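Welcome! Below is a short tour of a protein model, arranged by topic so that you can follow along on screen. Take a look at the picture before reading on.

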Amino acid sequence: MDDNKSQNEKISQEKTQRREASQWAVAWRRFRRNKAGIAGLFIVLFFFFIGITSPWLAPYPARSYQSLYEGEAGKAPSLKHPFGTSNTGLDVFSEVLHGALGDLYVGVGATIISVILGLIIGAIAGYSRGGLGEFLLMLSQLFYTIPILPIILIAARVFLILVAQGFGLTLIMLLLGIFGWSGIAFIARGEILRVRELDYIQASRALGASKTRIIFRHIIPNILTPVIVTATLLIAGNILTEVVISFLGFGDVNTSTWGLTIQEGYAYIRTQWWTAVFPGLATVFAVLGFNLLGDGLSDALNPRLRD
Amino acid sequence: METLLDVKGLKTYFFTEAGVVKAVDGIDLKVGKDESLGLVGESGSGKTVTGLSVMRIVPQPGRIIGGSITYDGEDLLAKSEEEMRKIRGKKISMTFQDPTTSLDPLFTVGDQIAEVIKEHEKGISENEAMEKAIKLLEMVQVSEPNQRVKAYPHELSGGMKQRIAIARSLASGPALLFADEPTTNLDVTVQAQVLELIKELREKQKMSLVMITHDMGIVAEITQRVQVLYAGMVAEVAETHSLFKEPKHPYTEALLHAVPRIDQRKDLRVIPGNIPNLINPPTGCRFNPRCKYAKDICSEKVPPLEQTDNGHLSACHFWRSLSLTGT
């Protein structure tokens, strides 16, 4: 009897494992066929790798003007300085590596904040039919229509004076996250409105499923895929906005970011093009990578396209 | 015959921004134990809403605003949501029209059947629930049930999905099943198989069935008694055979003549006009603007549901004088 039972359990465990594997396997199979998506994945992984390992990988520490004292400021790319040095003596190669960490920190961190806020606000807006839902929808529309960049620039300038300088990048991340949730909220709300009216939700109710079970088992999983896709694209947008903020001189001047290096180099673009061009290229590739990954995920995770 | 479900004067209105839609406006419905009843009418006649009302899962902005629903001697409208939840699926169940959307795309069909079993049998193990799911698939004649339980809905054909949806609604052995147009979205050949399956299952499980449909062919095939709805009200109730032979309501006659017959060379007669706007339904008999026998009184007075000489219930002022033809 016991033997039989344990064997049954084993079989069911196998079943469960196979089932989970198949669900992700379908998405992965679709994703793998998408060459652009794969390219995006590799670019993103590459930037995560250099960002995380930058403290060890970079030949010079962040924001180090050491080359100035070595008399090598403003030098063109060479073996010692693969991306050259800036007018002020920064090793551009090191700055690009350190900048990857700073920009991923802002891009990913702000997106996590936005996704959490957007999911909560969007979910409530989708569920409650009364005044609260209307209010949250209007709030989302307000956040969607107001020009975020000038507000963030002003807020960053004001707060950077008040807040201890070391937290500058975190501040930018918080601001981007707090102002950037409206897109996620719209998607979450729209998806919940769509999914909650679907037959299988009605069918679950007709067969005795509780509200909690319906929300967590049937609604949330079914709205997650577009949220994941949007979040991936949002990371790209947040990185770009951070670069713009730093480039305009409203960012944290004590932490390496691509925008800051571009700002330092753009005045000398005619004579020392490398200072601005390399962090600029890094920005372009990172944003491209996240966009390609987002598109690839969108194709792979869309259940209607599954085969 | 012992009554299982007794609905009296049910009113379910939808409070939309355009106005109050009186989707179900005073419907009586009786279903006996082990009986097969057809609930017939055009789209918008209130068939589905009646079913949803009995299960108390009317979607927003709809509300049950009047009437009584008694199931097996218990007042369903007095029950708490939690008590209703234990009745849904376990005692009264429902299958839906479109099998492609009534199954959750993210879970295997076995999971979805097991979910219902686990909901109503606390403490049952994952294994036992899955074993039961396999048995249910066997019962609805799905081939290779051991493999099929692991399939996702998108891997299956429409007919297969509808069988699985039926298996899921029968998972906890309900005594009453509302089948909401279960064959409408299926190929004709598959339709016949699914109907045959429902018929067999009903007889085997001694279950009562309310077949919601607009297809008179299905009614003839599967039901013992028919209730014809029009614009949220009952038009006629009769034994199936008798309804086809001797309809006592002009709307029933019109419905019967709108069905093609292969053995008679008769032109199809279309019912003129559309089902009325239920925000401002016609006064009196709701069918009067489309009725070829209509007289002045029809738009003035709502006809009562009366017992006719051949045992039907008919809501027509003129059931005595009209000689309507069946098929």
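The side chains of A:His81 and A:Glu72 are joined by a polar contact of 2.7 Å. Keep in mind that this is a predicted model.

- You can find A:His81 in the loop of chain A between α3 (66-69) and α4 (92-127).
- Is A:His81 buried or exposed? Its relative accessible area is 1%, so A:His81 is buried, the cut-off for that being under 20%.
- Besides A:Glu72, the residue of the polar contact, A:His81 also touches A:Tyr60, A:Ser67, A:Ala76 and A:Asp91, with neighbours within four places in sequence left aside.

**A:Thr241, a residue in a helix**

- A:Thr241 sits in helix α10 of chain A, which covers residues 211-247.
- With a relative accessibility of 24%, A:Thr241 counts as partly exposed, because this value falls between the 20% and 50% cut-offs.
- Which residues does A:Thr241 touch, not counting those up to four places away in sequence? They are A:Leu149 and A:Leu176.
- Sequence and space can be compared here: A:Thr241 and A:Ile172 are 69 residues apart along the chain, while their C-alpha atoms are 9.8 Å apart.

**Chain A as a whole**

- Chain A has 12 helices and 0 strands, and its pattern along the sequence reads α-α-α-α-α-α-α-α-α-α-α-α.
- Of the 307 residues in chain A, 46% are buried.
- Take the contacts in chain A with a separation of 6 or more: 72% of them link residues 24 or more positions apart.

**Chain B as a whole**

- Chain B contains 11 helices and 12 strands.
- How compact is chain B? Its radius of gyration is 20 Å, close to the 20 Å that the globule rule gives for 327 residues, so chain B is as compact as a globular protein of that length.
- A box of roughly 65 × 50 × 40 Å, taken along the principal axes, holds the C-alpha atoms of chain B.
- Buried residues account for 56% of the 327 residues of chain B.
- In chain B, 64% of the contacts between residues at least 6 apart in sequence join residues at least 24 apart.

**Where the two chains meet**

- Chain B brings 35 residues to the contact and chain A brings 26 residues.
- Together the chains bury about 3,000 Å², with 53% of that area on carbon and sulfur atoms.
- Three residues, B:Leu106, B:Glu115 and B:Asn127, supply 20% of the area that chain B buries against chain A, which is more than any other three residues.
- How many salt bridges cross the interface of chain B and chain A? The rule finds 3 salt bridges.
- B:Glu115 makes a salt bridge with A:Arg217, and their closest N and O atoms are 2.9 Å apart.
- Between chain B and chain A, 10 residue pairs are in polar contact, with both residues at pLDDT 80 or more.
- On the side of chain B that touches chain A, the elements giving two or more residues are β6 (92-95), α3 (99-102), α4 (109-120), α5 (126-139) and α7 (158-169) of chain B.
- Helix α4(B) gives the largest share of that side, with 5 residues.
- By type, the residues on that side of chain B are 14 nonpolar, 10 polar and 11 charged.

- Most residues other than glycine have a negative phi, and most peptide bonds are trans.
- The peptide bond from B:Gln60 to B:Pro61 is cis, with omega near -5°, and B:Pro61 belongs to the loop between α1 (47-54) and β4 (62-71) of chain B.
- B:Asp72 is a residue other than glycine with a positive phi, near 50°.
- Where is B:Asp72? It lies in the loop between β4 and β5 (74-75) of chain B, and at 44% relative accessibility B:Asp72 counts as partly exposed.
- B:Gln141 also has a positive phi, near 60°, and is a residue other than glycine.
- The loop between α5 and α6 (145-148) of chain B holds B:Gln141, which counts as partly exposed at 45% relative accessibility.

How values were computed
Residues are numbered from 1 along each chain as its sequence is written. Chains are lettered from A and ligands numbered from 1 in the order in which they are written. This is a predicted model: local features need pLDDT of at least 70, side-chain atom pairs count only at pLDDT 80 or more; totals for chains, interfaces and linings use all residues. Side-chain values use heavy atoms; hydrogens and water are left out. Contact means heavy atoms within 4.5 Å. Buried area is the accessible area (1.4 Å probe) that two parts lose on being put together, summed over both. A salt bridge is a side-chain nitrogen of Lys or Arg within 4 Å of a carboxyl oxygen of Asp or Glu. A polar contact is a pair of N or O atoms within 3.5 Å; within protein, one must be able to donate a hydrogen and the other to accept it, and residues adjacent in sequence count only if both atoms are side-chain atoms. Helices (H or I, at least four residues) and strands (E, at least two) are DSSP runs, numbered from the N terminus. Ala, Val, Leu, Ile, Met, Phe, Trp, Tyr, Cys and Pro count as nonpolar, Asp, Glu, Lys and Arg as charged, and the others, Gly among them, as polar. The radius of gyration is taken over C-alpha atoms; the globule rule is 2.2 Å times the number of residues to the power 0.38. Buried means under 20% relative accessible area, exposed over 50%, partly exposed in between (1.4 Å probe, protein chains only).
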